[in-house]
Number of protein chains: 2
Amino acid sequence: MSVRVAVLAQITEADRILADGLRADLARRGILAINLIAAPGAGKTALVERTIVGLKGELRVGVVEGDLATSLDAERIAALGAPAVQITTGSGCHLEARMVQAALGSLPLEEIDVLIVENVGNLVCPTAWDLGEDARVVVASLAEGDDKPRKYPAAFATAQAVVVNKTDLEPYLPARAAVLRERALAVNGSLAVFEVSCLTGSGLEGWLEWVRESLRRKRGGKG
Amino acid sequence: MSVRVAVLAQITEADRILADGLRADLARRGILAINLIAAPGAGKTALVERTIVGLKGELRVGVVEGDLATSLDAERIAALGAPAVQITTGSGCHLEARMVQAALGSLPLEEIDVLIVENVGNLVCPTAWDLGEDARVVVASLAEGDDKPRKYPAAFATAQAVVVNKTDLEPYLPARAAVLRERALAVNGSLAVFEVSCLTGSGLEGWLEWVRESLRRKRGGKG
């Protein structure tokens with residue numbers, strides 16, 4: 001027995017124009033912008049940390065942190081010496097382009113190559129909002145199960161890459177990374193999929209190379 | 001550096017009246033209603049399955065399943081012989097009382113002692129919506145980390161119980177069940193906290209006894 005409910009779209013044309021303007025501004029500055037989307041606890045901040053450290057001395061990462069209530073994540077990022085700005089949404093379930101735009105005023109954009117926007121921990125609402133990013137990346141914890149692409153398809157359908165995290169737990173889980181990969185690709189065949197453990201550091205080189213290559217493509221495309 | 005954004009409350013007085021009416025109707029029928037809230041992949045459906053099986057022959061469980069896109073969860077419940085109705089929300093990030101009310105028309109309420117409403121996988125939006133429940137229960141996967149009460153405080157502040165799931169993984173995680181418990185109680189000192197593994201079945205008896213006792217209290221309170 002199934003009941004289908006209608007949901008009203010809340011995104012306005014003004015939001016879209018703002019996101020496009022933000023994207024154009026970041027393009028002019030040669031900054032690659034990544035919108036990181038995941039369920040709570042999937043390891044978004046851990047991936048940001050690994051990315052900052054992995055690209056250190058090569059590419060400069062700046063971070064916008066979206067959280068309901070605390071600045072814990074921004075403090076973790078700042079501890080690594082990367083510029084970070086915290087957006088506290090209260091009960092807001094996603095970031096919007098206007099919030100990112102306001103936050104960017106607090107970041108030294110001339111010193112940033114890669115901007116990572118860590119969205120609020122939520123696999124539903126953030127998928128509908130364009131933050132002016134070049135690439136949308138889903139972090140999927142293998143501990144959450146390998147059925148998430150089926151159950152939260154919009155997140156995977158609108159992304160360019162999926163980082164399957166916590167693969168170190170695979171021996172102790174009923175979920176399989178290969179199954180998650182297959183189901184993600186069934187939703188969106190053009191996804192780049194990386195299997196990593198931000199705890200042990202395994203598998204991260206492929207992800208870092210994807211970031212480097214995305215930036216190269218963006219800057220190459222500029223000229 | 002921190003930016004705070006305003007969020008508009010969308011819940012109307014009509015929603016509240018509807019939820020109260022639903023709660024009164026379920027009370028008349030002697031049904032205990034539980035609103036199950038969790039992040040994607042925390043193990044809500046696994047807990048529902050364990051609850052149905054654990055109370056079998058003693059209490060009859062009926063289930064309302066909230067999901068974005070599939071009826072996979074309702075099928076899992078139906079396979080156990082329990083009455084289940086699926087609400088497919090499309091891109092809707094939470095259930096509302098009017099959806100539950102519509103779904104109840106498809107359940108044999110006279111054959112149900114405990115109604116479990118499994119909300120959409122989301123630790124943010126569902127916390128604001130009263131579904132006419134007697135008790136709100138958060139399922140927190142230990143694999144998501146032990147910091148969730150700090151980062152998603154509203155879910156814990158408005159709940160009566162927390163089920164810490166996937167404790168079987170504790171030896172392989174940086175997170176600790178005792179720390180999660182302590183942080184949940186720091187947000188809401190009146191929470192009942194249960195540490196379980198729906199995979200292995202460990203720790204579930206305390207949770208089942210809490211369900212039994214909640215129903216006894218509700219029915220005792222009626223007469």
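A: Start with a residue and its setting. B:Glu182 sits in helix H7 of chain B. The model is a predicted one.

Q: Why is B:Glu182 called exposed?
A: Its relative accessibility is 56%. Exposed means over 50%. B:Glu182 therefore counts as exposed.

Q: How do you know which residues of helix H7 in chain B are buried?
A: Buried means under 20% relative accessible area. In H7 of chain B, which spans residues 177–187, the label goes to B:Ala177, B:Leu180 and B:Ala184.

Q: What makes the buried residues of H7(B) line one face of the helix?
A: Look down the axis of H7(B). The buried residues fall within an arc of 60°, so they line one face. On the other side of H7(B), the exposed residues are B:Ala178, B:Glu182 and B:Ala186.

Q: What do the buried residues of H7(B) pack against?
A: Several elements of chain B. Their partners are strands S6 (135–141), S7 (161–165) and S8 (192–195), along with helices H5 (148–151) and H6 (153–157). Contact here means heavy atoms within 4.5 Å.

Q: How far apart are the C-alpha atoms of B:Glu182 and B:Gly132?
A: They are separated by 28 Å. Along the chain, B:Glu182 and B:Gly132 are 50 residues apart.

Q: Why is the relation between chain A and chain B called a two-fold axis?
A: Chain B superposes on chain A by a rotation of 180°, with 0.0 Å of shift along the axis and an RMSD of 0.0 Å. That is the relation of a two-fold axis. The same surface serves both copies, as 100% of the contact residues of chain B recur in chain A.

Terms used: Residues numbered from 1 in each chain as written. Chains lettered and ligands numbered in written order. Predicted model: local features only at pLDDT ≥ 70, side-chain atom pairs only at ≥ 80, totals over all residues. Heavy atoms only, no water. Buried < 20%, exposed > 50% of the residue type's maximum accessible area, 1.4 Å probe, protein only. Helix = DSSP H or I, 4+ residues; strand = E, 2+ residues; numbered from the N terminus. Arc of directions from axis to C-beta. Least-squares fit on C-alpha atoms with pLDDT ≥ 70 in both.
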